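Biologist: Could we go through this model together? I would like to start with the domains and then move on to the contacts.

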Amino acid sequence: MKDQLPSPDFDRSRYDRPNQDWECGWTCDGCPCRIGPSPSGTCRATAECRPVLEKKDGEDKGRWRCTRSKEHGGPCTNGPLPSGGCACPIPTCQPRRSLRNQRGRLCVAVTAVTLALLLVGFFGPWQWRFISAGPVSSNHHGVVFAQMKHSWPGSDGCGACHTAAHGDLHEWMRAAFRARPGPFEPHRLLTVTAGMTELDNHCLSCHPGHRFHQPNVTRDHSCSACHREHQGSGRMPPPADTQCLSCHGNGTVMEASRKAGEKLPPAAFDYRQVAGRQHFQVPRPERGYTRVFKSFDTDHPEFQLHAQKLTDTNSLRFNHSLHLSSLVQRNGQPLACADCHQPAAAGAHFQAITFAKHCQSCHALQFDARNPQLRVPHGDPVGVRAFLRSLPTQYADLARRSGVTAQADTEKFVAEEMRLLRERAFSGENLEQQIFFASDPSKQLTVGASPGNASPRARFAGCAYCHDVKPGGADGLPHIARVFTPDRWLIRGEFNHAKHTIVNCAQCHDAASSRRTEDILLPNKQSCTECHSPAGGVSQTCATCHSYHTVHGSQPQTKR
Amino acid sequence: MSGFVRRRLLWGSLLLAATLAVISAYARWAGATTREAYLSGWVLFGLMVLLTGYNWFKKIPYLPLGRSEVWLQFHIYAGLFTGVLFLLHVRGRWPTGWFEIVLTVLYVLVMVSGVLGILISRGWPKRLTARGGEVPFERIPIVRRQLREQAEALALNSVAEARSATIAEFHARRLHAFFAGPQNFLSHVFEIRLPLNALLNELGDLNRFLNEQERKVTAQLVTLVRQKDGLDYQHALQLTLRLWLFIHIPVTYSLMLCALAHIVLVYGFSAGVR
Amino acid sequence: MDTAHFVIDKPERWDSSFDPDMTEADVNRLLEIRPFSEMNSGKFSKRTPLRGILKNDARIRRFKNGEIIVRAGDYGSSAFLVLAGNARVVLDPGLPVSLLGQRKSQHKSLFQIVAQLWTNPRDPEVRTPAELEQDTGVKVGGEFKGVFLQDVPRILDEHLTATMSPGDFFGEIAALSRSARTSTIFAVGDATEMLEIRWQGLRDLLRFDDHLRHHIDRIYRERTLATHLREIPIFRRLNDEQLKRVIEQTQFGTYGDYDWSGDYKRLVKEGTRSPEKETIIAQEGDYPNGVVLIRSGFARLSQKFGHGHRTLNYLSAGSQFGLREIAHNWAHKDTVPFQHSLRVIGYTHVIVVPAPVMEEIVLPTVPRDQLPEFFTPAELAGTEQSESQQKLDAGAKIGPELMEFLTENRYFNGTSTMVIDMERCTRCDDCVRACASANEGNPRFLRHGQTTGRIMVANSCMHCADPVCLIGCPTGAIHRGQTGGEVVVNQATCIGCSICSNNCPYEAIRMVEIREEDGAFMVDKDMKPIVKATKCDLCSDQLGGPACERSCPHGALKRMDMNNLDSFAKWLQR
């Protein structure tokens, strides 16, 4: 409604001046004076006119005349005071700042307050808590760390990692300029790669030894690039896949690494031996481990065991299929995986298979069916020979143990057994040969179970039944190939059986169909990706299985 | 297609292109090193300096540095782009350190006040024009004074003419405060007619106690009340259109100061790109 | 602090005479030659005697061969009388601009512009002594650097010229009608002597003496009219003989008051601004008895609409009216009447060429394809709109309400009208502040004015095509700039008489009390404050054009040329 308001009376002499800093204090009352405040904000109001003394000819006193201009009302009715002052003073005001000016002052005030707060924050009592980018992980927060804390400045031990925390603003600035690329080199950010920085050198003071990865690595990776701190107060998060893929997903880097690897002697890639553990030696591929791939479930290379169709070179003969079939029974039940493979302490892996713990209960090395308590000692051909050559003593001992006390009975027993043996084997040496070299189960030495036995005995056809026995060892003894049963098949990746208890053995290990020792029963990658993939829902990050820190070289592995 | 729509499309597609470019660059570089945080940080800071420069550009209008309209369009879209950059810079996560929280809060304040500011700058002029009765902001007190004096004169005169103080008493009780200064600020901002209607109803109710002559006076008072309400509307909206910058600009300076401190801290304590 | 007062002398009309070197001897000499010799000095008023006018409002100038006296396109405010020697008038087409050595307008240097950051005074309306230094006028003789044409004989060869000899008058129409010079005039021979009379003097001479008026009338018919007619395409093919016959029968008339603003304001007060009250030049429905050519001023083109009249457009200098009807009637032997009405708004000076003249002499010389579009029966019936009609109908482009608004308030006059789109203006005052920064801290307009719908015409000088403010200035302080046509007030010569401010129908000129550098008001001996007229000067001394337009963040403010409504319509629909 346009006739809602009267248009304000725009007198000719007045412009609106929003650019002025001060306005007359009477403005909000609706009658600003025409003089206006000074630029510094003082009221300049005096009087409406400045009277002029008019002396006509002949007068000696003259009259004061009002000189108020026409626009402001013309001469006033009463005229000036007799003393010459104007009778219409303009009321003074308290000038007010314009909105714009107030805003400017607010800006200044806010900037000052911010500066003050920053000073308090950065140099006050809560300095480190204020500056810190977030809580530190529990790895760097524990008791041990706290005990060391006092040796570094900063209330929470910031100085342990940050050089800047050793000093004040000066030190911060100096540290800032030591950074690479520096603050005035933002263009270098486009081409930089992550190398070791001052910060990472601090990591090394507690976590020594640098070259953590393969010997043919061409690009250094800084500690703190993968191990990010200030991410929360829990455990430090594992490195992200993108870190790994920054090299393993990058063709150029992988190519350079491959070339570097060709120049290194093979010995550089030898596995570091861990006491008491046997590793399955996988030959290093020709190109090293430099294939470019993107993720586990898509194009992560197949496990070498399967890709190169490697075989178990163990000399011990073992048929999983037979042992799991119904032909083999214990206590009326067929054998299960767990009967031989028992978890080690933490459950991640299994206890090593030994003859004494796992085989002997069925394969007892009984060479005499009439006297099943007599067993050839296992493990050393010298011991076997010694045993065999002392057979009469063994039998005598057996008799004594069976309760035969009289000397004559013992001798009779011994003589009888020896005679039967001689009948069978014709000579001690023959017997020895048989024991060592016979391997045909159909011609087993023991002749079936004696009537008193309840469980079927495993056959002992001879050492060669299981072992690789060749003539020509020392002292005329055969040479029995050393048995090499690996404890660890996957060196570069960690597998934790304890975490996989929801899966049963046969789902991954196809033992039931393996009849030969050389079968490697480890699952292939596809069996893993059934769960470890986006579709399967289980984590498939690199860090789930792999560690950056190397398995080569003589340096002790860093404590994790 | 109207020129404004075309302009919006042009700038909008520029913004979209920049966003896509920066997101793809981020995806390419992210994770391997921390350099994407540095890069996004520097671009963010540089843009913020340019954005802050808009207020300084306005102080030198006699230099031919381009039209303010174009600068404002740049300011709006570059400002929105800083939102994208900021999210990339903090990786979409609320920060955990105290100082960084301060920075984030300041940034959010500037951003939100800016977005609200442009929304009211585009929407409220239409409200003001539709309502009518345009008065320049500096003249509002003068018009207010006129209305006040007219109302007072009416009320006082009615006493003598009608020999009854009803109107005068009502004026002293209700209208004096109403005409004294700006009223009903929030009601006007949110376009709520309640206070005006209430007052007019009261005036209407007064009529049953008045004679013919006095009713003419109240009719005039009603006109004055409407005019004063229109003036208050102008005042409320025009004041808000000025005051939103009281948040946007000072907080910007605070933010820039903290950003500088942040740069010092980052370079000092992180020892470079890892 | 007291508003200390600073006493200076109040400026008077002839404080700055046109040429301080004019002597009494010169005046005596002038009084002996025509037309001054025939003037009756008794008829002149006491305040402006003939001698006074000649001494203070005129000067004698001497030109060398080839020196340019006036340039086509310049806005000048003086007329010339040839005293000795002769001059050539370059007829259409005129000289190329490169030969004329156009003078650059006085910009501030880049350093001065940047220095405004710290040199702008903080008090309002401060005047430094340098700004108030009186313009002592231009020196004549060797010290005055005139601009010379380079190759006079070749120019005379290549261009059509007319000769001016002693006793000839020229430039009076441009001076009096406040329009641009129509032709370039240069001196031939080294002994050319001119009397330059500034228009205040000319106005007074015309007012008090009939002789000069008749004289100018006759010259006008003989010289100027021919030139004017030749400029119009339809008359171009006439030979001299035919043109002479046309001129003999041409009528011309002036409607309205030269000083129309007074009338207009009175009309506003009485509330009678409707078209019906305006003088009609030609009526819709009448027999088309001649082609009306508008020489200066404005006329409203309207059409009957319901019980009222709808304004289609306003015609300004150079427009024609009625040609279409007459051409159609002549070609088809028809009797189509005037389709629109033409009314005077303010002041209009027209030339009417009668219909018989057109039919017998002019139209036969025009080739068929150059004739205006003929009427179709559908158009005459009102069911269709032809292309010519559409081009003419500016009212339809910008909306009838806006059209009426512009015409009623006489805003069509503006070449740089400040228009604000109130639906985009956030009332932030950036424009006012920018204007203030560019003018030593003083804004030169008010962000308020008449509104229609969403368009507000703000209270800023529109730099009118017909600047009424120029009438009456005693010292010529308010004048048109050399190029571009902006109207500026010379602060030094302004005496604060308020005539221009009172004249301006749009209240765009404000009288302000000026101050010293420390903020004290300047007063004269009578303790009356010295006032000066102030107005927008289109930032003519700054770089980059008007600061207000550039500084609006929302594109709400635009300075529009109201004579080109197409661009206005485009801006409205942006």
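Biologist: How far apart do the C-alpha centres of domain 1 of chain B and domain 2 of chain B lie?
Modeller: The two C-alpha centres are 47 Å apart. Domain 1 of chain B covers 3-123 + 245-270, and domain 2 covers 137-240; such bounds come from an automatic or database domain assignment. This is a predicted model, in which local features need pLDDT of at least 70 and side-chain atom pairs count only at pLDDT 80 or more, while totals for chains, interfaces and linings use all residues. Residues are numbered from 1 along each chain as its sequence is written, and chains are lettered from A and ligands numbered from 1 in the order in which they are written.

Biologist: At what angle do the axes of H5(B) and H9(B) cross?
Modeller: They cross at roughly 165° and come within 10 Å. Axes here are lines fitted to C-alpha atoms, for helices over the stretch in contact, with angles from 0 to 180 degrees between N-to-C directions. H5(B) and H9(B) are therefore roughly antiparallel to each other; angles over 145 degrees count as roughly antiparallel, under 35 as roughly parallel, 65 to 115 as roughly perpendicular and the rest as oblique. Helices (H or I, at least four residues) and strands (E, at least two) are DSSP runs, numbered from the N terminus.

Biologist: Is the crossing of H5(B) and H9(B) left-handed or right-handed?
Modeller: The crossing is left-handed, a term used if the near helix is turned anticlockwise from the far one by less than a right angle, with right-handed for clockwise.

Biologist: Which residues of H5(B) and H9(B) meet?
Modeller: On the H5(B) side they include Ile140(B), Leu147(B), Leu154(B) and Glu161(B). Among those of H9(B) are Gln213(B), Leu224(B), Leu231(B) and His235(B). Two residues are in contact if their C-beta atoms, placed from the backbone, lie within 7 Å. By class, this contact of H5(B) with H9(B) has ten nonpolar, seven polar and four charged residues. Ala, Val, Leu, Ile, Met, Phe, Trp, Tyr, Cys and Pro count as nonpolar, Asp, Glu, Lys and Arg as charged, and the others, Gly among them, as polar.

Biologist: And how do the axes of H8(B) and H9(B) cross?
Modeller: The axes of H8(B), residues 194-206, and H9(B) cross at roughly 175° and come within 10 Å. H8(B) and H9(B) are therefore roughly antiparallel to each other. H8(B) contributes Leu196(B), Leu199(B), Leu200(B), Leu203(B) and Leu206(B), which face Thr218(B), Leu221(B), Val222(B), Val225(B) and Asp229(B) of H9(B). The classes in this contact are eight nonpolar, one polar and one charged.

Biologist: Changing topic: how many residues of chain B and chain A are in their contact?
Modeller: Chain B provides 50 residues and chain A provides 54 residues. On the chain B side, H10(B) gives the most, with 17 residues. That side of chain B divides into 29 nonpolar, twelve polar and nine charged residues.

Biologist: What does chain C put against chain A?
Modeller: In that contact, 25 residues of chain C touch 21 residues of chain A. Elements of chain C that give two or more residues are helix H18 (430-437), strand E15 (446-452) and strand E19 (510-513).

Biologist: How many residues of H18(C) are buried?
Modeller: Eight of the eight are buried, so H18(C) is largely enclosed by the rest of the structure. A residue is buried if 20 or more other C-beta atoms lie within 10 Å of its own, exposed if 12 or fewer, and partly exposed in between, with C-beta atoms placed from the backbone. The buried residues of H18(C) pack against helix H3 (68-89) of chain B, together with helix H4 (110-119), E15, helix H20 (547-551) and strand E22 (557-560) of chain C.

Biologist: What share of chain C is buried, and what share of chain A?
Modeller: In chain C, 46% of the 574 residues are buried; in chain A, 18% of the 560 residues are. Chain C has 21 helices and 22 strands, and chain A has 21 helices and eight strands.

Biologist: Last topic: what is the phi of His230(A), and where does His230(A) sit?
Modeller: His230(A) has a positive phi of about 60° although it is not a glycine. His230(A) is in the loop between helix H6 (223-226) and helix H7 (241-248) of chain A. His230(A) is partly exposed, with 17 other C-beta atoms within 10 Å.
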